[in-house]
Amino acid sequence: MWCYRGGSISTEPRINDRIRVPEVRLVGPSGEQVGIVPLAKALELAQEYDLDLVEVAASARPPVCKLMDYGKFKYESAMKAREARKNQAHTVIKEMKLRPKIDPHDYDTKKGHVVRFLKQGDKVKITIMFRGREQSRPELGYRLLQRLASDVEELGFIESNPKQDGRNMIMVLGPHKKKTEAMAEAREAQAARKAERQGVAVSDGDAAAEDAALEAENAAVEAASDEADASDEAPAGAGSDEAAASDEASAQA
């Protein structure tokens with residue numbers, strides 16, 4: 001009676017004494033074809049060359065085995081897999097929300113985020129949010145999307161044309177550069193900055209100040225983004241009311 005105990009199934013090839021067949025098709029250390037030989041002869045050759053007998057094609061009849069240094073083979077395979085994971089690119093879709101009557105400063109801030117996303121090789125989903133009577137003016141959102149696409153045309157292209165989705169209008173921008181290319185350029189730039197820092201022998205204090213300045217700059221960008229989001233959530237007439245109040249106070253003065 002067969003019983004499954006929850007153990008994992010090994011995916012590693014059988015080597016040396018674990019091979020249980022009467023004969024194998026043997027491949028030499030340099031890839032040369034030795035031919036079909038008894039298993040005992042193959043194991044004897046493996047000991048003679050101080051190598052392992054590794055089953056590389058178990059489904060063949062007879063199975064194909066190769067003489068190799070199995071430890072070195074596993075190490076090289078692990079390094080190749082690690083390098084492949086390092087260069088692997090995951091498709092990421094960022095999202096940026098705008099209002100039809102967005103302030104010019106807020107528009108520039110959000111456009112900067114879109115530029116940064118496209119430079120990183122990410123797609124960007126642009127959403128125009130309509131509220132109240134704005135829903136009767138979809139052309140405002142369409143013109144805003146076309147303007148944004150035109151401003152970033154050097155970095156991205158319109159992958160999905162603007163379309164109405166309930167109260168929102170959506171457009172997707174795709175980067176000209178692939179994610180892998182953007183990652184490679186980022187690594188090169190990082191290596192260049194590191195080499196430059198080492199070349200000029202920057203002191204620890206200067207390096208710490210530079211890192212602090214960079215963190216402050218990133219925090220300022222995030223704060224500006226949050227401020228832009230808050231201004232987008234404000235009622236459309238709020239800015240005009242404050243301006244009118246300011247003009248009235250100036251007139252009284």
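**Exercise 1.** How many residues does helix H2 have, and what distance does H2 reach from its first C-alpha to its last?

*Solution.* This is a predicted model, in which local features need pLDDT of at least 70, side-chain atom pairs count only at pLDDT 80 or more, and totals for chains, interfaces and linings use all residues. Residues are numbered from 1 along each chain as its sequence is written, and side-chain values use heavy atoms, with hydrogens and water left out. Helices (H or I, at least four residues) and strands (E, at least two) are DSSP runs, numbered from the N terminus. Helix H2, residues 70-86, has 17 residues and reaches 24 Å, close to the 24 Å expected at 1.5 Å a residue, where the expected span is 1.5 Å times one less than the number of residues.

**Exercise 2.** Find the strands that pair with E4, and state the sense of each pairing.

*Solution.* Begin with the rule that two strands pair if DSSP finds at least two bridges between them. Strand E1 (residues 23-27) runs parallel to E4 over three bridges, and Val27 has Lys66 as its bridge partner. Strand E3 (residues 52-57) is antiparallel to E4 over five bridges, with Glu55 opposite Cys65, and a hairpin of six residues joins E3 to E4.

**Exercise 3.** Explain why E4 is described as largely enclosed.

*Solution.* Buried means under 20% relative accessible area, exposed over 50%, and partly exposed in between (1.4 Å probe, protein chains only). Four of the five residues of E4 (residues 64-68) are buried, so the strand is largely enclosed by the rest of the structure.
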